[in-house]
Amino acid sequence: MAEQRDDGKPGNEPGTDIEPKAGGQPAPRLDEEQLRQFQQFQQFQDYLKFTEAQQQGLVPSQPAQPVTQHYGGQVPGPPGPPPGELVPAPRQRVPRWLRRLGGKLLAWVIVIVLLCVGATIAYRQIFPSDAGQDTATFVQGGGGKHHTNQVLSTNPWEAVRAIYDTIGKPYPPATRVEKVCLSMSEQAQAQFARDLGYPDCATAVPALNAKVTDITPYIYAVRPMSSVVPRQNLTIHSCWYNIRGGPLLGSFTLQEVEMGQWLITGHANSPDPCPAPPTGN
């Protein structure tokens, strides 16, 4: 005889039949682990049916939530970006007015740069730079700065005194050469060097400086001989003065040029006999 249970109902605890099969044969008996797996399989099927219906529009689209199983299991949601990968934000379009303003500003910048470059080229054509030239090359070109700049003396007596002063004082060699030679025209530079026995002005100046033995009387020997200054040409002879402490530098012919400056335009050795100095009040 079949064993009767206390409650009179078969299949209510693990190890019993779930439901009888057709023909009166009992279904396979499931233990506790098999029953749990069977329930998980049913829940997974329900989730697949729900997802398929959502894709076909049969149910409203909602954010996918993980489905928690009865026994703590979890069905994975839709795949997301790989870990550590940033999702790019949507790119915003630049307003049209801002693009137009940027284009105008760029055009003005280009125009200003071109104007600056053109002005620089024009300036260098009109006023060539002396950069890269050595002192001898520069002074042989005559400098030419007195045409546009106040670089020479506005008094002819002071112009000659400055020659003695520069040769006598301990200036840096390059400065001494420039100050002396650029106070003369190219022709006067050649005459000055030739008359004193040197190949060029840049060579003559340091050699003459080496001959100075007493600076003070040498640099203060030249002084005005007349208060009347001619307005065109003037020749000043070194033999008018008692030159002591250094070499006698000969006779200088000067001419008034731009901005009332006096440029030495000629040179000769001191004449013998020496002409009388000018007089006047």
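Phenylalanine 252 stands opposite histidine 267 in β5. The model is predicted: local features need pLDDT of at least 70, side-chain atom pairs count only at pLDDT 80 or more, and totals for chains, interfaces and linings use all residues. Residues are numbered from 1 along each chain as its sequence is written, and side-chain values use heavy atoms, without hydrogens and water.

Helices (H or I, at least four residues) and strands (E, at least two) are DSSP runs numbered from the N terminus. Three strands form an open sheet in the order β3-β4-β5, with antiparallel pairing; two strands pair if DSSP finds at least two bridges between them. β4 and β5 pair over six bridges. The edge strands, β3 and β5, each pair on one side only. From one strand to the next, the twist averages 25°.

Axes are lines fitted to C-alpha atoms, for helices over the stretch in contact, and angles run from 0 to 180 degrees between N-to-C directions. Contact means heavy atoms within 4.5 Å.

| Helix | Partner | Angle |
|---|---|---|
| α6 (residues 186-195) | sheet, touching β4 and β5 | about 35° with the direction of β5 |
| α5 (residues 173-181) | α7 (residues 201-209) | roughly 115°, axes within 9 Å |

The contact between α5 and α7 includes Val177 and Val180 of α5 and Ala202 and Val205 of α7.

Methionine 259 lies in the loop between β4 (251-256) and β5. Its phi is near 60°, a positive value in a residue other than glycine. In the segment after β5 (262-268) is proline 273, which a cis peptide bond joins to aspartate 272, with omega about 5°.
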